[in-house]
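Walk through this fold from the whole chain down to single residues. Keep the 3D view open as you read.

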Amino acid sequence: MSNNTIPMIETKPLSMIINGEKVGPMDVPVDMMMIDFLHEYLDLTGTHFGCGQGICHACTVVELQADGNIIESRTCIYGAHFFNGKNIITIEGQAGKDAEGKATLTAIQQAFIDHFAFQCGYCASGFVAAATVFIDRLKKQPIQRVNLESAIEDALNDHICRCTGYVRYYEAVRQVALETPGCVIG
Ligand code: FES
Ligand code: FES
């Protein structure tokens, strides 16, 4: 008889809200990263794995906080259980649907398309998350027009895109900021 034993994978219950739907409780390995949970357990594969080290921000999702603010969260450097009880929006939850079931893009998604902001699109879901958080912040804390360019730079600066020159992403976000009432003053 063999002395080999099959290693046990330690799990514990996990639940959260993803794209407005309650998920769990379900048993999830304690050391599973959030991006793997999204991909393997929920089939939400629009969040992309890039560097896996917290640098490229391709894996960023939006996190809704209890105070109503939203922040960016990277899913490659935090375990799934870090998000237990949290409220997350992935790229799959950004677009809505009209009465006929057709996708209705957010202003940011539409602007990225209109400006041809991405090429391969690997970084795009992370940029959508960053721009969504940025525009939401501007709605609550408008800025002067003169400060807009540097504010966009600060908001997108951490996101790496290997295909484009970033300019079209910046132009798209600028357009949304200028066209969204209350974001830019003066
Ligand atoms: S894949 Fe998460 S920061 Fe690069
Ligand atoms: S569009 Fe290819 S990495 Fe950004």
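Two strands count as paired if DSSP finds at least two bridges between them. That matters for a pair in this predicted model. Strand β1 (residues 11–18) and strand β5 (residues 87–89) are joined by two bridges, in the parallel sense. Strands of a sheet pair through backbone hydrogen bonds, either parallel or antiparallel.

Now step back to the whole chain. The protein chain has five helices and nine strands. Along the sequence they follow the pattern β-β-α-β-β-β-β-β-α-α-β-α-α-β. The C-alpha trace spans about 80 × 35 × 35 Å along its principal axes. The chain is divided into domain 1 (11–93) and domain 2 (96–185). Their C-alpha centres lie 21 Å apart. Domain 1 puts 18 residues into the contact, and domain 2 puts in 16 residues.

Next, the sheet that holds β1 and β5. This open sheet has five strands, in the order β2-β1-β5-β3-β4. Its pairing is mixed. Which strands stand at the edges? They are β2 (21–29) and β4 (70–74). Each has a single partner strand, so one side of each is left without a neighbour in the sheet. Neighbouring strands are turned by 40° against each other on average, direction ignored. Helix α1 (residues 34–41) packs on this sheet. It touches β1, β2, β3 (60–64) and β5. The direction of α1 makes about 105° with that of β2.

Two backbone details belong to this part of the chain. Asn19 sits in the loop between β1 and β2. Its phi is near 55°, a positive value in a residue other than glycine. Strand β2 contains Pro25. The peptide bond from Gly24 to Pro25 is cis, with omega near 5°.

Turn to the helix pairs. Two packed helices are described by the angle between their axes and the distance between the axes. Take helix α3 (residues 124–140) and helix α5 (residues 167–179). They pack at an angle of about 30°, and their axes are 11 Å apart. Angles under 35 degrees count as roughly parallel, so α3 is roughly parallel to α5. The crossing of α3 past α5 is right-handed. From α3, the contact takes Ala124, Phe127, Ala131, Phe134, Ile135 and Leu138. From α5 come Tyr169, Val173, Val176 and Ala177.

The crossing of α2 and α5 is right-handed. Ala107, Ile108, Ala111 and Phe112 of α2 meet Tyr169, Ala172, Val173 and Val176 of α5. This contact of α2 with α5 has eight nonpolar residues, no polar and no charged.

Tyr169, Val173 and Val176 are among its residues in the contact with α3. Tyr169, Val173 and Val176 are also among those that meet α2.

Terms used:
Residues numbered from 1 in each chain as written. Chains lettered and ligands numbered in written order. Predicted model: local features only at pLDDT ≥ 70, side-chain atom pairs only at ≥ 80, totals over all residues. Heavy atoms only, no water. Helix = DSSP H or I, 4+ residues; strand = E, 2+ residues; numbered from the N terminus. Axes fitted to C-alpha atoms, helices over the stretch in contact; angles between N-to-C directions. Contact = heavy atoms within 4.5 Å. Parallel < 35°, antiparallel > 145°, perpendicular 65-115°, else oblique. Left-handed = near helix turned anticlockwise from the far one by under 90°. Domains from an automatic or database assignment. Nonpolar A, V, L, I, M, F, W, Y, C, P; charged D, E, K, R; others polar.
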